[in-house]
Amino acid sequence: MNRFLTLALILAAAITLVSIPAAAQTTSGPPARKPDAPAAAKQTPPAKGWAVPKTPWGDPDLQGTWTSDDCIGTPMQRPANLGDRPYLTEQELAQRESQLARQAENDKQETVASDARVGVGPPGHWGERARRPCKQTSLVVDPPNGRIPELTAEAKGKRIPEGAGNNNPMPASWEDFSYYIRCITRGVTGSIFPVIYGNGAQIVQAPGFVTILHEMVHEARVIPLDGRPHAGPNIRSYMGDSRGHWEGNTLVIETTNFLGNRTGIGLNGGGTPTSDALKLTERYTRIDPNTTQYEVTIDDPKTYARPWKVMFPLTQEQGYQNFEYACHEGNYAMFDSLSGARAVEKKAAEDAAKKK
Amino acid sequence: MRTKLLILTTVIGLLMSTVPAWAHHAFAAEFDASKPIKFRGTVTKMEWINPHAWIHIDVKGDDGKVTPWMIEAAAPNALLRRGWTKNSLAAGTEILVEGYQAKDGANRANGSIITFTDGKKLFVGSSAGDPGAAPGAPKQ
């Protein structure tokens, strides 16, 4: 194939990708629920002179271990003062780049920084690092203001997880912790949104299937691509029921059948609530050898006034791999938090008795 | 307790706001910001367990009595990515630990700052917090 033809095909594919409205993937619903096309945060077209590799059976090849590390620290919602601007300016990007450089320099120092302070939060040295600045001003790219749509009256005040407190400072039971702290799950979006560490997602393909293995809390999603229908409405789970298909070079995964509000939409499965009506439409598009654009449309009419979309790049990095994550083997934090709450109660009771 | 605890009297500077997202914890539920600890201990073993590694140390008190403590460290996978291996911290190594004790009064603490006795950082990585959110982004 000559170069001109290759380029023309890539351009055609790119135009197709950009022009597919996200709402086309939602099966039904009134027009008001269609998300707007994001003003500028559109999918980046594939790199010039490069074609998406194919598996031996002809599917686009997304295989490898990908990480969302580069967008660690990018806020979920865009600060209101940035309005409809989805990307950092050149100046802000340069500022972010120098922040990362300073951090890398700081990391290399052999002695503790003079301004280091003892804290009760996770120390800075626990985190994994972005390798390059994330270009986005927020992870939410639609609505165009980068803000999560208004919650419905039904959803306001809902706590995650359903039926128990989330990170209650005085937990009465193991049920008062989030499903993340309990090592159960971070949900579909929580498993891939960038957090301070453990952002690896390994993709393995076979004819008719894609498997995505998330490092933290070791979620393995096995997604059929053969067009089989979703499970019946009575079959529900934390991770829902996923079905995938290809649209050009984009892997589209639709997930329904959630139990509802066991995890939210946000970092590590926190964030804003969900319901059993949640439908997620994820899109994985490899845009260059080491970058896959990830986006997810969150459609949950019981929870949000309209569908909304989150997007960020996943990258492949030299030497990066998933490691084992047997989460509950040493989950002392649960024990410490419960015994800590009992100790606080005991002291309060003793103090009250003394006052009598 | 008559271990060689040097109780800090400084006002506690909370670093939580500089960390962009939660770790696998309800930190405030687990550790007590009113119980700062700072002492020297000898490593007896390191548990490479998820979701976080724990360093076991023996702390010798003024009376010579040895008390075992557990100090929480980073996630093992993050340590691996920073080049740590199971041989990186040998038993018998002396370390200095600063952090906060568990709320229930047990001999467990978060290891906010851990150094070798010559002042070098135990863990490669920032000791001054993370850079936080992207420019122009106030806290959510």
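These exercises, with worked solutions, concern a predicted model.

**Exercise 1.** Find where A:Phe258 sits in chain A, and decide whether A:Phe258 is buried or exposed.

Solution. Start with the strands on either side: A:Phe258 lies in the loop that runs between strand S7 (250–256) and strand S8 (279–288) of chain A. Next, count neighbours. A residue is buried if 20 or more other C-beta atoms lie within 10 Å of its own. A:Phe258 has 24 C-beta neighbours inside 10 Å, so A:Phe258 counts as buried. Finally, list the contacts: leaving out residues up to four places away in sequence, A:Phe258 touches A:Arg236, A:Gly240, A:Thr274, A:Asp276 and A:Leu278.

**Exercise 2.** Describe how strands S4 and S5 of chain A are joined, and sort the residues of S5(A) by face.

Solution. First, the pairing: S4 (residues 209–214) and S5(A) run antiparallel and are joined by 5 bridges. Then the connection: the two strands form a hairpin with 5 residues between them, and A:Val217 in the turn has a positive phi of about 65 degrees. Last, the faces of S5 (residues 220–224): A:Arg221 and A:Ile223 make up the covered face, while A:Ala220, A:Val222 and A:Pro224 make up the uncovered one. In a regular strand, side chains alternate between the two faces of the sheet.

**Exercise 3.** Identify the residues that touch the most other members of the largest nonpolar core.

Solution. The core has 70 residues, and those residues are A:Leu139, A:Val140, B:Ile71, B:Ala74 and B:Ala109. Strand S10 (residues 308–315) of chain A gives the most to this core, with 5 residues.

Key: Residues are numbered from 1 along each chain as its sequence is written. Chains are lettered from A and ligands numbered from 1 in the order in which they are written. This is a predicted model: local features need pLDDT of at least 70, side-chain atom pairs count only at pLDDT 80 or more; totals for chains, interfaces and linings use all residues. Helices (H or I, at least four residues) and strands (E, at least two) are DSSP runs, numbered from the N terminus. A residue is buried if 20 or more other C-beta atoms lie within 10 Å of its own, exposed if 12 or fewer, and partly exposed in between; C-beta atoms are placed from the backbone. Two residues are in contact if their C-beta atoms, placed from the backbone, lie within 7 Å. A nonpolar core is a set of buried Ala, Val, Leu, Ile, Met, Phe, Trp, Tyr and Cys residues joined through C-beta atoms within 7 Å. Two strands pair if DSSP finds at least two bridges between them.
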